[in-house]
Amino acid sequence: MITELETSVDNCHPVSAPDYTPVAELRALQFYRLLTVVERSWNHVKLFRERMEERGLTPASIRSLDDIVRLPFSQKSDLRDTYPFGLFASPMKDVVRLHASSGTTGKPIVVAYTQEDVDVWTSSVARCLAGCGLHRGDIIQVGYGYGLFTGGLGAHYGAESLGAAVVPASVGHAERQIMLLKDFGVTAICCTPSYFIHLIERAGEMGIDMKQLPIRAGVFGAEPWTESMRQVIESTSGVEAFDIYGLSEIIGPGVGCECRRHQGLHIYEDLFYPEVIDPETGEPLPDGETGELVLTTLAKQAMPMIRYRTRDITAILPGRCDCGRTIRRIDRIGRRSDDMLIIRGVNVFPSQIETALLQVEGTLPHYQIFLTREHGLDQLEVKVEVTSEMFEDKIGALQELNQRLQGALDRVLGIRVRVTLVEAHSIERSEGKAKRVIDRRTS
Ligand SMILES: [Zn+2]
């Protein structure tokens, strides 16, 4: 229930003011900023200038905001190919921060920030948290990793600038996290949704009911998660779960976030211009149609990104949110174009499996997807934990559950799936992003 007072506090929070810019004014600002960022990249980023010249374009070719579709795309491989500093548009003397990805597949990617960039980032995260109804007086525990990963420091600066008290817990040490939540009277947490589920379970084992703690909001991101996962989190912890979106290439966390209406994620589009394209053809799609999200940074100096292909699949939602914000929203991102598994010629997304599993009673939100190849044929096995009551029950109940899960997965995916039920806690818990898919197929 949202009270009138809470709504007005939300609406009146000074950091949220740009969320309510009249649309015509917002478009004018976006166009002005686009020109600035194109000019800057043209002058300082060799790769961008070469791609513009190949197309016969100069900054003067951009005469309206709609002309953005004429600009060349950028993608993750550009960051790898120019590693480490090839896309910087500022000299190192103006850079105050460097972050990098973990680089699990090849060279890491490096991103840079000037002081103004850090301030922009801080303001966007503060706008996310304000949209979740948080403010001065809140105690916010940051359970994202601090370090080269943007999650921890991004959330930290945003929460601090909002005037909240920050508990920089970082990842890991579940018992200590729970002790802090309880003893410090923490009112909100920022972490991955899978890690929060792990904390709810550990708290239960320690005899602590999360519902009895003051924590009321969770700002969850850094991995795709589903509506079913939200229901599990909210019903087992009493915490209102918000989806936050971001990526290091664009700025880090804080590109977009749900407001208390939970009707999609607002994109801070005065800072990050969103487009949705057909991932096959690259053609722009109208609002309401599903495709790949493309983002342009409108206010970044050290490393502007123009038409960056995120690989995240979503749609820009038509119409205005009930909260009154004028900035547009995207649908929650359940999948990435490079998440797609092709199993016996059928396209399968891990989020489809998660939704099917969590709709069947008796399962826990811990699962892993194993892909193997037997006699030249792809096999899909899903291991899922079941509640201890279910496991202690007669063998018949487990068999019945197994059949129901197989039926649910067959219906959603249209292919035969092997389901293995395992005891609670037999799947390894992740402290950061959950490892859901293990592909053992060798081609
Ligand atoms: Zn809203």
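**Close-up 1. An aromatic cluster made up of Phe196, Phe220 and Trp225 in the predicted model.** In this predicted model, Phe196, Phe220 and Trp225 come together as one aromatic cluster.

**Close-up 2. Two of the aromatic pairs, involving tyrosine 113 with tryptophan 121 and tyrosine 144 with phenylalanine 149.** The structure contains five aromatic pairs. In one of them, the ring centres of tyrosine 113 and tryptophan 121 lie 4.8 Å apart and the ring planes meet at 15°, so this pair counts as stacked; tyrosine 113 and tryptophan 121 are both buried. For tyrosine 144 and phenylalanine 149, the centres are 6.4 Å apart and the planes stand at 70°, and the pair is therefore edge-to-face. Tyrosine 144 is buried, with a relative accessible area of 6%, whereas phenylalanine 149 is partly exposed, with a relative accessible area of 34%.

**Close-up 3. A lysine over the ring of phenylalanine 370.** The charged end of lysine 383 sits over the ring of phenylalanine 370, and the distance to the centre of that ring is 4.8 Å.

**Close-up 4. Strand 5 and its parallel partners, strand 3 and strand 6.** Strand 5, which covers residues 188–191, directs Ala188 and Cys190 one way and Ile189 and Cys191 the other way, and all of these residues are buried. In a regular strand, side chains alternate between the two faces of the sheet. Strand 3 (residues 139–142) runs parallel to strand 5 and is joined to it by three bridges, with valine 142 standing opposite cysteine 190 of strand 5. Strand 6 (residues 217–220) also runs parallel to strand 5, to which it is joined by four bridges, and glycine 218 in strand 6 is the bridge partner of isoleucine 189. Between strand 5 and strand 6 the chain passes through helix 8 (residues 193–205), forming a β-α-β crossover that is right-handed.

**Close-up 5. Helix 10, a mostly covered helix.** Helix 10 spans residues 350–358, and seven of its nine residues are buried. The buried residues of this helix are Pro350, Ser351, Ile353, Glu354, Ala356, Leu357 and Leu358. An α-helix has 3.6 residues a turn, so residues three or four places apart point the same way.

Definitions and conventions. Residues numbered from 1 in each chain as written. Predicted model: local features only at pLDDT ≥ 70, side-chain atom pairs only at ≥ 80, totals over all residues. Heavy atoms only, no water. Phe/Tyr/Trp six-rings, centres within 6.5 Å; stacked < 30°, edge-to-face > 60°. Buried < 20%, exposed > 50% of the residue type's maximum accessible area, 1.4 Å probe, protein only. Lys NZ or Arg CZ within 6 Å of the ring centre and 35° of its normal. Helix = DSSP H or I, 4+ residues; strand = E, 2+ residues; numbered from the N terminus. Pairing = 2+ DSSP bridges. Right-handed = clockwise from strand over helix to strand, strands pointing away.
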